[in-house]
Amino acid sequence: MSESSNTTSEPETIEAFARRADAWLQEAVPAVWRENRGALSGTESDAIRREWDRQLWRGGFAGIPFPREFGGQGLGLAEDVVFHILAAKAQAPDGFSRVGKTLVAPMLVRSGSEVQRERYLPPLLRGEEVWCQGFSEPDAGSDLAGVRTRARRVKDGYRLTGRKTWTTFAQHADFIFVLAVTDPAAPRYRNLSMFLVDMRAEGVVVEDIRQISGVAHFAETQFEGAFVPESDRVGGEGDGWRIAMELLSDERGGSETAARYVEIRSDVDLLLESVGDRSDLARELEELEVRTEVLRWQLGKVVDLDDRDPGEEYWRAVSTLKVQWSELWQDVTRFGVEHGLPDHRDHWRYQYLESRAVSIFSGTNEIQRNIISERILGLPR
Ligand SMILES: Cc1cc2nc3c(=O)[nH]c(=O)nc-3n(C[C@H](O)[C@H](O)[C@H](O)COP(=O)(O)OP(=O)(O)OC[C@H]3O[C@@H](n4cnc5c(N)ncnc54)[C@H](O)[C@@H]3O)c2cc1C
């Protein structure tokens with residue numbers, strides 16, 4: 001358990017949790033980050049983000065909805081959403097442990113071995129080991145089942161060969177989870193397995209990819225015969241597709257929407273402040289604001305659903321959120337670029353370019369729409 005989690009026997013109300021979280025955030029967010037973020041060098045900024053993951057653990061806010069028996073806080077989606085909103089408002093850093101906490105930890109609880117859970121969960125929650133995701137390849141993105149990275153059987157393990165791309169956090173990561181082909185002769189979907197790979201192993205090579213906005217949030221990760229022990233295969237051989245599909249559902253959860261809502265709301269507020277009195281823009285601006293508040297309302301409904309039934313209905317509701325917030329943010333930033341004040345040009349330029357990626361990652365919006373039409377609306381394929 002973390003050093004200062006709530007240990008009273010009475011269950012804490014959501015209001016009490018929010019007060020505790022807000023008080024902690026006000027103290028914990030580094031002033032230099034809040035006030036001087038734009039002036040920090042890449043190294044300074046990375047150090048703060050890494051330390052933030054450790055602070056979250058020490059403060060009792062790491063793995064909020066994750067079960068206590070595995071080292072999490074054992075709370076619900078409501079607390080996680082509240083924390084994301086308060087953290088965004090307090091301008092807290094975005095740590096590097098996101099992939100580990102939201103994807104790797106649930107995967108290991110569902111499909112990992114006891115040895116894997118004991119080895120990987122504690123340092124991941126303490127913010128000491130950073131993870132990244134090795135799914136996409138130059139010729140396999142939406143068609144994830146078409147990955148070609150090959151894991152060949154050798155004595156006591158496998159040798160990995162292939163190239164993963166768009167690997168977020170690869171430059172900072174200690175480990176990567178990799179979907180690879182173990183049996184090229186097996187039918188599609190049954191030929192894949194999931195591996196946990198040390199980023200410092202011989203034969204793992206990382207190259208930055210610089211983005212249109214100038215920053216390098218991700219990289220290409222090349223495997224040149226890197227060795228993976230058999231004990232680091234998650235599940236059985238051929239279980240990779242099932243494990244990957246469960247993991248992608250975690251990726252589209254409600255908590256990210258909460259932080260995105262705060263960012264979009266703050267962009268809409270900036271527009272209202274700066275061009276809100278222009279009658280020629282009033283209608284479009286009003287529509288953006290209404291869509292922003294509808295997003296908040298939807299988020300509330302998803303949290304209620306998670307309380308009542310964290311099953312199929314919840315996942316159906318969640319799959320619409322990503323499409324909603326990503327398209328809204330792109331519309332807001334486009335409006336900002338077209339109509340924002342010249343004083344805010346740098347802000348809108350950066351936001352506009354950053355927002356291009358959000359309809360692509362975690363599965364493109366076209367793929368989300370396929371899922372919504374087939375699995376929610378029941379339309380024919
Ligand atoms: C910021 C960012 C971070 C990322 N981080 C990671 C990461 O950490 N790890 C990782 O593995 N990947 C990551 N990705 C990759 C991401 O998952 C892929 O870019 C995404 O799945 C799309 O694959 P693709 O780029 O190969 O496009 P393609 O699959 O080639 O798609 C090209 C276009 O065709 C459309 N299309 C394709 N198939 C269909 C279909 N069946 N129906 C309708 N339209 C279709 C797509 O919607 C898209 O518009 C990241 C991407 C971004 C932008």
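Which residue meets Arg126 in a salt bridge through its side chain? I find Glu128, at 3.1 Å from N to O. I count a salt bridge when a side-chain nitrogen of Lys or Arg is within 4 Å of a carboxyl oxygen of Asp or Glu.

I note that this is a predicted model, where local features need pLDDT of at least 70, side-chain atom pairs need 80 or more, and totals for chains, interfaces and linings use all residues. Residues are numbered from 1 along each chain as its sequence is written, and side-chain values use heavy atoms, without hydrogens and water.

**Entry: salt bridges.** The structure holds 28 salt bridges. I looked up Arg278 and Asp280, whose side chains meet at 2.8 Å, N to O. Arg278 is partly exposed at 35% relative accessible area, whereas Asp280 is exposed at 55%. My cut-offs are under 20% for buried, over 50% for exposed, and partly exposed in between (1.4 Å probe, protein chains only).

I also found Glu374 with Arg381, the closest N and O atoms being 3.8 Å apart. Arg381 is exposed at 86%. Shared partners join Arg265, Asp269, Glu289, Glu293 and Arg296 into one salt-bridge network.

**Entry: ligand.** I see 16 residues around the ligand, each with a heavy atom within 4 Å of it. Among those that come nearest are Ser142 and Thr364. An oxygen atom of the ligand is 2.6 Å from a side-chain N or O atom of Ser142. For Thr364, I also read 2.6 Å from a ligand oxygen to a side-chain N or O atom.

Key: Polar contact = N/O pair within 3.5 Å; in protein donor to acceptor, adjacent residues only side chain to side chain.
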